[in-house]
Amino acid sequence: MSNEFTPVPSTGPATQERSRNHFVAPLEETPLVAIDVVKVAEKPSNLWIDAWRDARRRPIFWISGVLILLVLVVAVFPGLFTSVAPNNDCQLALSNGGPTAGHPLGFTKQGCDVYSRIINGTSTSLTVGIIVILLTTVLGVVFGAFAGFYGGWIDSVLSRIGDIFFSIPYILAAVVIMSVLAQYRSVWTISLAIGIFAWPSTARVLRAEILSVKQSDYVMASEALGVSKLRILFRHVLPNSIAPVIAITTISLAAAIVAEATLSFLGVGLGSDIMSWGNEINQAQRDIRTHPQTLIYPSVALSVTVFAFILMGEVIREALDPKARALR
Amino acid sequence: MSSVSNPRRDAGAPLLEIKNLQVGFQTQNGTVQAVRGASLSLRAGETLAIVGESGSGKSTTAHAIINLLPGSGRITGGEILFEGRDLAKLSQKEMEDVRGKLIGFVPQDPMSNLNPVWSIGFQVEEAIKANGIATGKREIKKHAIEVLKEAGLGDADKRLRQFPHQFSGGMRQRVLIGMGLSSRPKLLIADEPTSALDVTVQRTILDNLDKLTREIGTALLFITHDLGLAAERAEHLVVMYKGQVVESGPSREILQNPLHPYTQRLVAAAPSLASRRIQSSSHSLGDLDYSAPRSVEGLDLIAAAEHRAELQAEAPQREDSIVVENLTKVYKIRGAKGDFKAVDDVSFAIERGTTTALVGESGSGKSTVAKMLLRLEDATDGKILINGTDTAPLRGKELLALRRRMQPVFQDPYGSLDPLRNIGNTIGEPLVTHNIGDRTSRRERVLELLEQVSLPATLSTRYPNELSGGQRQRVAIARALALKPDIVILDEAVSALDVLVQAQILQLLSDLQGELGLTYLFITHDLAVVRVIADNVCVMQRGRIVEKASTDEVFDRPQMEYTKELLNAIPGAGIALGV
């Protein structure tokens with residue numbers, strides 16, 4: 001026997017082992033473990049539970065979460081934050097005035113309290129955002145799910161409809177719609193005008209996800225069990241495809257708030273009697289050089305809110321993607 | 001074993017010597033040690049195989065040699081001496097000179113390791129340029145052609161201009177091997193080079209690899225999970241388990257006399273070895289006098305095969321459960337001339353309570369047959385009778401009744417369970433779908449099923465991502481059994497599992513068959529597994545059944561050339577193994 005092949009054991013007297021041809025590690029070093037033992041963590045976990053565990057460890061999640069919560073509370077209970085009436089107490093004498101006691105951010109051109117107007121405008125901006133994402137999610141999920149799951153001519157028809165809406169820039173479309181509906185301007189019409197052109201991106205994301213999920217063996221196994229097509233879609237395919245939709249929905253809420261502000265700024269948004277950040281910015285633009293504060297404060301409110309939602313969307317996206325989680 | 005027989009071995013110091021290697025991966029929960037003090041040595045021109053299950057650290061060890069550890073992996077201790085130089089201490093720049101030039105590498109997956117947007121020629125030439133083997137356009141091209149010729153690709157001239165998608169998996173792997181050897185490295189590392197390929201292709205590729213490394217005198221470090229393959233191809237074996245080397249030495253000796261209990265388990269559970277051993281015993285399985293060593297209880301494939309052979313011999317003749325007559329499936333291909341016949345005039349019958357294996361390589365149409373049986377696809381022509389009933393006209397309630405009697409288990413353990421539904425709901429889904437029992441009785445049935453597949457009842461509130469591949473496959477089996485079917489169609493149900501887990505699942509399937517009188521259609525590409533689980537075999541090639549007979553018949557007296565080729569491709573040939 002030659003001794004040309006000489007692995008040495010990981011521990012122990014290497015020199016002695018070196019000359020041995022057939023090496024066997026002592027059993028104590030690597031005790032045999034039963035094959036395929038069930039090892040489960042203390043608590044159950046799946047995608048959503050894991051995502052929550054991941055998200056709650058991240059400071060950004062808490063920062064954006066607290067900001068969003070604050071904005072929501074402001075929107076629902078503006079009275080908690082200011083007792084100054086935003087419209088009735090305006091005094092032209094105070095037009096574009098600086099901060100005074102009880103009016104920390106000064107006054108608008110009409111002599112109204114800036115701080116109060118921002119607080120009271122929050123609900124408008126947020127309502128538009130929420131109506132828009134409800135609309136885009138419902139339309140996007142219906143179109144995306146049926147197109148992706150059923151395929152064939154259903155997919156062709158639904159996807160082409162989506163493409164038509166997708167090819168029209170939604171701000172431009174909203175400008176046109178709002179100009180036409182000039183006498184009906186309200187939170188609802190502006191939400192409709194934005195939402196009706198914003199849903200195709202949701203539909204596309206969902207359709208792509210469903211196309212890959214429906215190939216899974218568990219879908220085939222359910223089919224072999226005799227589960228109906230529609231039930232497979234709602235029970236198995238949709239829950240497994242919805243994660244990216246949730247992430248983009250959070251971000252599109254931010255986009256909708258921006259869109260409302262943009263339309264209002266352009267003068268085709270909400271009527272000037274409705275308080276919203278967009279309207280505030282619109283009305284302040286004429287005095288931007290002399291009195292920038294009336295423009296800056298509502299802009300900051302807008303930016304912070306949008307920023308919070310975008311951050312939240314990003315955190316959710318990363319938390320729901322196990323690959324992104326592993327890379328961090 | 002004598003060193004005189006092989007002059008290449010007389011060289012002095014080892015070419016590669018790994019001493020007490022430690023590799024750790026950085027994760028959120030601290031460092032995970034993937035390799036814990038592995039040592040091995042390899043001389044110039046020798047072949048060494050590292051064998052182990054997934055997670056044993058075999059690939060990590062190989063990747064550490066050329067410092068290609070994935071992600072956050074880092075060498076945390078030990079030495080990797082290559083010609084006396086410690087590779088673990090080299091800088092990035094120095095390492096690049098070693099990689100390719102001195103140490104070649106053949107990756108596992110030929111499908112994703114060639115860039116689809118560049119021609120094969122460009123990629124081979126790139127490797128040649130990078131390693132400075134030749135200079136000048138013409139020289140490089142001449143060299144590239146040589147590389148492809150060596151790798152066994154005819155028409156190398158034309159092939160250079162083709163793109164990866166025009167190559168089959170086997171051809172791509174040949175190209176990668178050719179590239180790996182183009183610079184005449186002293187060492188070639190091949191990480192499961194053939195695990196993604198068909199068995200017959202595997203054989204020719206490995207023959208070619210063998211021949212080339214022998215001619216050039218390159219040492220080969222070969223990583224595989226198949227002990228039979230390792231023993232057939234390498235002079236030396238290193239068995240890794242949980243990041244450590246548990247046994248190493250000359251292949252033959254380890255196979256014939258495994259000393260570490262883990263190695264003993266591997267030897268007992270490797271289908272290729274079991275199949276070879278049954279074959280070499282020249283007894284029929286029923287007469288085999290064999291008792292398994294204690295350390296491998298419940299894993300020994302020969303013991304299991306023997307047991308089932310005895311049971312089947314005692315059983316009386318039964319009626320046919322499945323009859324397939326002249327089954328044909330034609331796919332229309334858009335743009336192509338003519339149609340594609342995936343299944344061509346296939347007929348077979350399966351007796352109740354027995355197992356028939358449908359064996360074939362990828363594209364042979366075996367899975368399409370399964371889908372037609374399950375009514376997931378409609379047949380173009382031919383008939384399928386389940387317990388005497390033609391299935392084609394069944395609709396609605398009748399179809400649901402058919403589904404109740406016949407259930408599938410699929411290959412991919414990671415795709416066969418809905419990740420968002422807990423195990424209890426997954427196993428209970430068939431009961432809900434077919435409206436069987438109420439909430440409490442369903443719950444009881446789920447727990448009973450979990451016990452049948454040897455999983456703890458606590459799993460019913462857990463989700464699939466907490467389970468291993470083998471455990472998921474058990475859940476899939478439990479789901480298939482929920483409706484008390486009499487037929488189970490196993491489509492490559494054990495192919496993706498590690499050998500030990502595979503042996504356990506095979507044992508489970510065999511126990512369940514005895515207990516519940518199940519009829520199995522076992523679809524697989526692995527003839528070795530067939531030897532230990534099936535009563536009858538149908539060999540499929542290009543949509544047709546080329547041979548069908550009892551398992552003993554097919555293994556002892558194969559009639560067709562193709563069957564013989566498949567049998568020869570089972571690794572472990574020519575290794576003397578006692579039963």
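Start with chain B selected: its 579 residues would give a compact globule a radius of gyration near 25 Å, and chain B comes out at 26 Å, which agrees (that is taken over C-alpha atoms, and the globule rule is 2.2 Å times the number of residues to the power 0.38). This is a predicted model, where local features need pLDDT of at least 70, side-chain atom pairs count only at pLDDT 80 or more, and totals for chains, interfaces and linings use all residues. Residues are numbered from 1 along each chain as its sequence is written, while chains are lettered from A and ligands numbered from 1 in the order in which they are written.

**Chain B, whole**

Keep chain B on screen as a C-alpha trace: along the principal axes it spans about 70 × 55 × 50 Å. Switch to cartoon and you have 21 helices and 20 strands (DSSP runs numbered from the N terminus: H or I of at least four residues for helices, E of at least two for strands). Of the 579 residues, 52% count as buried, meaning 20 or more other C-beta atoms within 10 Å of a residue's own, with C-beta atoms placed from the backbone.

**Two domains**

Now colour 3-113 + 171-257 of chain B as domain 1 and 314-413 + 486-568 as domain 2; these bounds come from an automatic or database domain assignment. Their C-alpha centres lie 37 Å apart. Where they touch, 6 residues of domain 1 are in contact with 8 of domain 2 (contact: C-beta atoms, placed from the backbone, within 7 Å).

**Helix α12**

Next, select 301-314 of chain B. This is helix α12, with 14 residues, reaching 20 Å from its first C-alpha to its last, close to the 20 Å expected at 1.5 Å a residue (1.5 Å times one less than the number of residues). Show side chains for its buried residues, among them B:L301, B:I302, B:E306 and B:R308.

**Over to chain A**

Bring chain A back: 42 of its residues are in contact with 63 residues of chain B. On the chain A side, the elements giving two or more residues are β1 (23-24), α8 (217-225) and α9 (229-241). Pick α8(A) to see the biggest contribution, 8 residues.

Finish on β1(A), which pairs with strand β10 (residues 244-250) of chain B in the antiparallel sense over 2 bridges; strands pair if DSSP finds at least two bridges between them. Zoom in on A:F23, whose bridge partner in β10(B) is B:S248.

Methods: Two residues are in contact if their C-beta atoms, placed from the backbone, lie within 7 Å. A residue is buried if 20 or more other C-beta atoms lie within 10 Å of its own, exposed if 12 or fewer, and partly exposed in between; C-beta atoms are placed from the backbone.
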